[in-house]
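Subject: Structure handover

Hello,

Here is the structure I promised you. Please load it before you read on; my notes follow below.

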Amino acid sequence: MKQAGVFRHAAVRLLGLIPTLLVLITIAFFLIRIAPGGPFDAEKVLPPEIRANLDANYHLDEPLLQQYFRYLGQIVTGDFGPSFQYKDWTVNELIARGFPVSATIGGLAMALAFVLGTLIGTFAALKQNSVIDYSVMGVAMLGISIPNFVVAPLLILGTAVYAGWLPAGGWDWSWQRMVLPVVTLALPVVAYIARLTRGSMIEVLHSNYIRTARAKGLPERQVIRRHAFKPAILPVISYMGPATAALITGSVVIERIYSIPGLGSYFVQGALNRDYTLVLGVVIFYGIVIVVLNFIVDLLYAWLNPRIRYDEAQ
Amino acid sequence: MFARSCSVLCCVMALSACGDGQNDFGRPQGKRAQPVQLVLLEDGRPAPEVLAEEQVVYRGNGEEPETLDPHLAQGVPATRILRDLFEGLTAESAAGDLVPGAALRWNISRDARTYTFYLRRDLVWSNGDPLRADDFVYGLQRAIDPETNSSAARTLLPILNAREVLAGELPVEELGISLLDEFTMQITLTGPTPYFLGLLASPVAFPVHKGNVEALGDQFSKPGNLISNGAFVLTEWTPRVSIVLEKNPRYRQAETTLIERVVYTPTEDRAAEVKQFRSGALDWTNEVPNNQFKWLQANYPDELVTSPWMGSYFLGFNLTQEPFIDNPSLRMALILSVDRQIITEKVTQFGEKPSFALVPPGIDGYVPFSPEYADWAQEERDHEARRLYEQAGYSEENPLRVEIRYNTSDNNKKIALAVASMWKQALGVNATLVNEEFRVFLQNREQKLVTQVFSAGWISDYNDPYSFLEMFRTGHGRNDYGYSNETFDALLDEVGTERVRARRERLMFEAERVLMSDHVIIPIFTYVTKRLVNPHLKGWQNNVMDHHPTQTMFKLKSSEMSSAEKNP
Amino acid sequence: MKPEAETKGLDLTVEDPFAEVFVEKDVRGRSLWLDAWQRMLKNKAAVVSGVIMLVMVLMVIFGPMLLPWEPDYTDWDNTASPPSMETRHWFGTDAVGRDILVRTLEGGRISLLVGLVATLVSLVIGVSYGAVAGYYGGMTDRVMMRVVDIIYALPFMFFVILLMVVFGRNIVLIFVAIGAVNWLDMARIVRGQTLSLKNTEFVEAARACGVDHRAIILRHIIPNLLGVVMVYVTLTIPQVILVESFLSFLGLGVQEPMSSWGALVNDGAQDMESAPWTLVFPAAFLTVTLYCFNYIGDGMRDALDPKDHL
């Protein structure tokens with residue numbers, strides 16, 4: 001019954017992907033096109049003959065609506081087209097290269113943040129309002145109190161420029177080059193998760209069933225692990241979907257400072273260069289990633305919280 | 001998702017294991033090694049005993065190159081790499097002087113319109129195929145062919161019929177390019193173009209391997225596919241990570257090329273680039289951050305290199321809108337009251353030269369125009385500025401309100417701030433800053449509807465003042481000033497047909513004088529290039545073009561062998 | 001998936017303390033908020049933070065009027081000069097000779113304003129949206145959450161860059177852009193909590209008694225969300241201030257000569273070794289503010305959580 005509900009829910013959600021993407025593509029397509037300036041505008045202007053050739057080649061001379069349907073027809077086949085800016089690469093190639101990097105950094109940072117954050121949060125909740133609580137949370141809070149673009153150069157100065165332990169940036173899939181970006185990216189998330197965990201853990205610890213569990217004489221450790229932990233991380237799970245998506249795709253600052261070839265910097269460059277195909281490609285891809293992540297979070301949430309019934313009709 | 005990142009992690013390990021095992025993050029701060037004294041042999045080459053064992057250069061390269069197709073590339077990062085990969089009919093020395101490249105010599109006809117090139121006989125492509133004149137003819141035709149869709153082709157417009165071919169009115173065979181025999185070719189131009197030989201050293205005029213291009217289409221410029229004829233060949237290209245070139249053993253000067261490998265790294269963030277340099281990961285930075293002159297000079301005096309560049313920074317007036325339409329006194333007042341000394345000393349700091357005209361000095365022997373006020377003291381200028389300001393009908397009670405528009409960049413911002421503050425202090429002008437993203441900014445400039453004063457600047461493609469003057473012609477695509485002066489246009493027309501160098505220069509000087517006395521721009525300074533260079537790296541020279549072929553470079557070994565030599 | 005039997009053992013996740021208040025409202029209506037206030041006063045960290053924030057707000061509002069420098073005055077004799085009593089630039093100057101202290105205070109106005117207004121926007125939209133979606137469930141929930149998904153799937157940067165590009169840069173736009181994005185998180189969290197709340201006995205009881213939906217949402221659901229929402233708000237204000245600084249990093253933040261802590265910190269971070277004072281002072285203000293917000297939020301959360309004394 002419940003299982004079936006979850007599956008039905010999954011099917012509905014996946015089918016729902018199609019209208020979601022359609023809306024997404026439409027908004028993105030027209031938004032980027034009403035932005036002033038075009039992909040071939042440059043400080044050194046083009047002679048009209050060349051300009052006309054380029055426009056014709058990329059179909060920019062057609063009416064916008066026709067271009068829109070042409071684009072729709074093209075992406076149905078899974079082809080995002082050639083990049084306007086990076087002429088030697090297709091958008092598919094660029095995404096295929098950028099996403100694994102972003103996903104690795106983002107995924108590792110999220111994993112690190114989840115483990116550290118829930119541990120710190122739980123620990124602080126258990127010692128609520130003690131010196132330990134304040135100092136642990138205070139340290140964790142540094143993560144959200146200092147912007148990334150301050151933390152990152154400081155870390156580079158300390159570990160790379162002066163000590164020479166780690167490389168100052170760049171990317172070659174070695175763990176040494178991942179350490180600093182992952183840590184930098186995880187820091188604020190650790191703080192968020194720690195706070196969310198602490199907040200909901202305190203709430204859970206005051207609830208009746210935990211009191212009951214304690215009254216039954218269960219050891220504190222077991223109370224926390226078996227009864228309090230799951231409901232306490234529900235808000236964290238809610239938060240993790242969008243946070244992971246943001247980590248994977250939005251770490252522009254980190255990518256820039258550590259010179260990492262992820263998806264975020266392609267997007268920003270693409271938007272600034274009016275690289276229509278690249279921007280749209282990344283947006284659509286990003287859209288799919290987010291929808292999938294949110295779906296996973298929903299499943300997790302349902303699994304952790306027996307109160308939600310998806311098959312319920314109002 | 002976790003499963004995915006795990007599998008990614010596994011291939012991470014695999015990849016790092018099969019890499020070349022380079023776990024060397026360079027020389028940490030503090031124990032910076034000094035190079036040995038450079039010893040030159042009689043033929044001017046460095047003595048073998050002073051050379052480092054590992055001849056690898058790591059160069060920061062600004063943005064990710066847009067392409068490695070020589071005919072499509074326009075940006076500095078791409079063309080810099082292409083100059084290492086290919087060689088044109090002409091080439092540039094380390095000092096930026098024009099030298100014979102693939103062409104051993106050339107003749108120029110008396111009307112200065114026809115160039116005949118005689119190629120070297122022993123040239124080969126990097127795959128061993130012979131390189132002949134028809135490869136160059138094919139290259140130029142491909143660059144201009146409308147099918148290629150090259151924006152860079154605009155540089156080749158001096159070639160006869162290029163415009164018509166681009167417009168699709170004539171076939172590419174009608175271009176003024178002809179093959180005389182296997183080793184001889186001729187190029188005909190529409191008019192005398194003194195800088196044409198220089199253009200031939202730029203990527204858009206490079207040859208490409210016809211068989212390769214036709215077989216591979218748009219994939220031909222990928223690593224493994226690209227066949228080139230220069231000092232290096234392309235071996236790796238990971239977008240946004242690095243482009244690796246290796247020495248081309250078949251290059252005609254392979255014997256004297258010392259660098260074995262060049263690694264170009266994109267460096268979008270200047271502060272991050274400097275940190276990479278300081279950690280030893282780079283030998284050569286693309287730029288350095290703006291504010292740090294004093295600090296770098298104190299801490300990296302041997303590494304910091306600045307040198308004049310052929311570019312000018314100025315602010316433009318929109319002459320088609322209020323308040324500047326038909327208001328030369330007001331424009332002059334604003335021009336005078338900018339204290340260029342303060343801007344170059346306190347704001348830009350890196351040795352930029354205050355400027356009072358358009359064309360920077362040092363371009364192919366041209367001596368720029370210098371207005372009378374260039375020799376005045378700033379108080380005199382301010383005094384005169386106040387007089388003109390009042391003459392234009394403004395005063396303290398009725399101050400000028402004006403917008404300074406600039407595209408987002410740290411330097412633009414600081415210069416705009418400085419200028420606004422100078423106008424306020426000297427004249428009481430109320431200037432507000434408007435900061436726009438680049439494409440929006442360009443479009444606003446072009447439309448000339450909302451702009452008043454806007455930041456501008458020009459870094460020339462080629463070593464000729466005409467490049468600067470041209471954009472003030474009536475109707476030129478980059479004439480965002482709305483400037484139109486018949487005398488000026490006529491002078492430029494004459495420049496286009498003049499064959500005698502001295503007369504041509506005089507005409508350009510006269511045009512610049514006309515332009516400056518119409519008060520169209522506020523000259524601020526002329527650019528410098530600024531970067532950090534590993535003192536071990538030698539064989540390059542400062543030049544106004546800022547072209548630095550890796551071919552002539554080499555690395556010295558360190559004087560303290562024990563501690564500082566990089567372990568392999 | 002775990003066997004039902006094991007999870008069945010869990011009882012209420014959340015109780016409804018307000019139910020009692022609601023029933024006895026006429027008798028002792030004063031209790032909850034006053035109690036909370038009294039409990040808040042006992043929380044030293046929150047009180048200290050509150051005092052610091054009050055001082056900060058006063059400084060930011062009145063400070064610039066008392067200082068000898070105009071925020072856009074460029075002191076050419078003292079560019080990039082370190083803090084000094086003699087030059088009367090107590091926090092030093094930036095690269096064009098502007099006083100860091102006065103700019104830090106001016107920047108604080110913008111940062112605090114952005115933080116408060118944008119958070120308020122996201123709070124109002126997010127809570128009502130999430131509560132309605134979670135409460136009604138079914139089709140309504142699906143449609144509403146689909147809308148959220150779609151907006152979510154448009155990357156924030158894309159939105160902001162385009163907004164800035166299409167409409168030009170101004171501060172109202174920054175409020176709108178940031179607020180419009182942050183309510184999504186709020187809506188999701190609130191919806192998640194509501195989903196678990198609406199199946200609780202007290203809500204079902206209220207429904208059985210014929211209380212209408214509006215009243216249930218307003219009286220039972222939203223008050224019960226306060227704990228989570230409070231924590232969330234305190235996380236959102238600093239987050240918004242940081243988002244603004246992130247925009248500044250990309251060159252899309254507030255317009256010069258206006259400034260914000262984010263913009264100042266970003267400028268300072270570029271020169272952290274050559275001119276550390278341009279980083280340290282604005283960063284200190286920023287960090288202290290973010291800390292204070294968080295401690296105040298914590299204090300409020302603890303104070304509003306009535307289970308302590310039930």
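Which residues in α3(B) are buried? They are B:A133, B:D135, B:F136, B:V137, B:Y138, B:G139, B:L140, B:R142, B:A143 and B:I144. Keep in mind that this is a predicted model.

Helix α3 of chain B covers residues 133-144. From its first C-alpha to its last it reaches 17 Å, close to the 16 Å expected at 1.5 Å a residue. Ten of its twelve residues are buried, so α3(B) is largely enclosed by the rest of the structure. The cover over those buried residues includes β5 (114-119), α4, β6 (177-181), β7 (184-188) and α6 (210-216) of chain B.

Now the domains of chain B. Domain 1 is made of 22-63, 224-305 and 536-566. Domain 2 runs over 76-215, and domain 3 over 308-528. The centres of domain 1 and domain 2 of chain B, taken over C-alpha atoms, are 29 Å apart. Where they touch, domain 1 of chain B puts in 30 residues and domain 2 of chain B puts in 25. On the domain 1 side, β8 (232-238), β9 (242-247) and β10 (261-265) of chain B each supply at least two residues. β8(B) gives the largest share of that side, with three residues. By type, the domain 1 side divides into 13 nonpolar, 14 polar and three charged residues.

Next, chain A. Its secondary structure comes to 13 helices and zero strands. Its C-alpha atoms fill a box of roughly 85 × 60 × 30 Å along the principal axes. Of the 314 residues in chain A, 54% are buried. Among contacts in chain A with a separation of 6 or more, 74% join residues 24 or more positions apart.

A word on confidence. Chain A has an average pLDDT of 82, and 93% of its residues score at least 70. Treat residues 309-314 of chain A separately: pLDDT stays under 50 there. The model still has 13 contacts for that stretch beyond four places in sequence.

Then the contacts between chains. Between chains A and B, 53 residues come from chain B and 52 residues from chain A. On the chain B side, the elements that give two or more residues are α1 (2-18), α4 (162-166), α7 (270-278) and α13 (438-447). The largest share of that side, eight residues, belongs to α1(B). The chain B side splits into 23 nonpolar, 15 polar and 15 charged residues.

Chains B and C also touch. Here chain C provides 18 residues and chain B provides 19 residues. The chain C side holds eight nonpolar, six polar and four charged residues.

Last, the nonpolar core. The largest one has 326 residues. Those with the most contacts inside it are A:A109, A:V189, A:V282, B:I144, B:V419 and B:A511. As for A:V282, what does it touch, leaving aside its neighbours within four places in sequence? Its contacts are A:I95, A:L263, A:Y266, A:F267 and A:G270.

Best wishes

Technical notes. Residues are numbered from 1 along each chain as its sequence is written. Chains are lettered from A and ligands numbered from 1 in the order in which they are written. This is a predicted model: local features need pLDDT of at least 70, side-chain atom pairs count only at pLDDT 80 or more; totals for chains, interfaces and linings use all residues. Two residues are in contact if their C-beta atoms, placed from the backbone, lie within 7 Å. Ala, Val, Leu, Ile, Met, Phe, Trp, Tyr, Cys and Pro count as nonpolar, Asp, Glu, Lys and Arg as charged, and the others, Gly among them, as polar. pLDDT is the predictor's confidence in each residue, from 0 to 100. Domain bounds come from an automatic or database domain assignment. Helices (H or I, at least four residues) and strands (E, at least two) are DSSP runs, numbered from the N terminus. A nonpolar core is a set of buried Ala, Val, Leu, Ile, Met, Phe, Trp, Tyr and Cys residues joined through C-beta atoms within 7 Å. A residue is buried if 20 or more other C-beta atoms lie within 10 Å of its own, exposed if 12 or fewer, and partly exposed in between; C-beta atoms are placed from the backbone. The expected span of a helix is 1.5 Å times one less than its number of residues.
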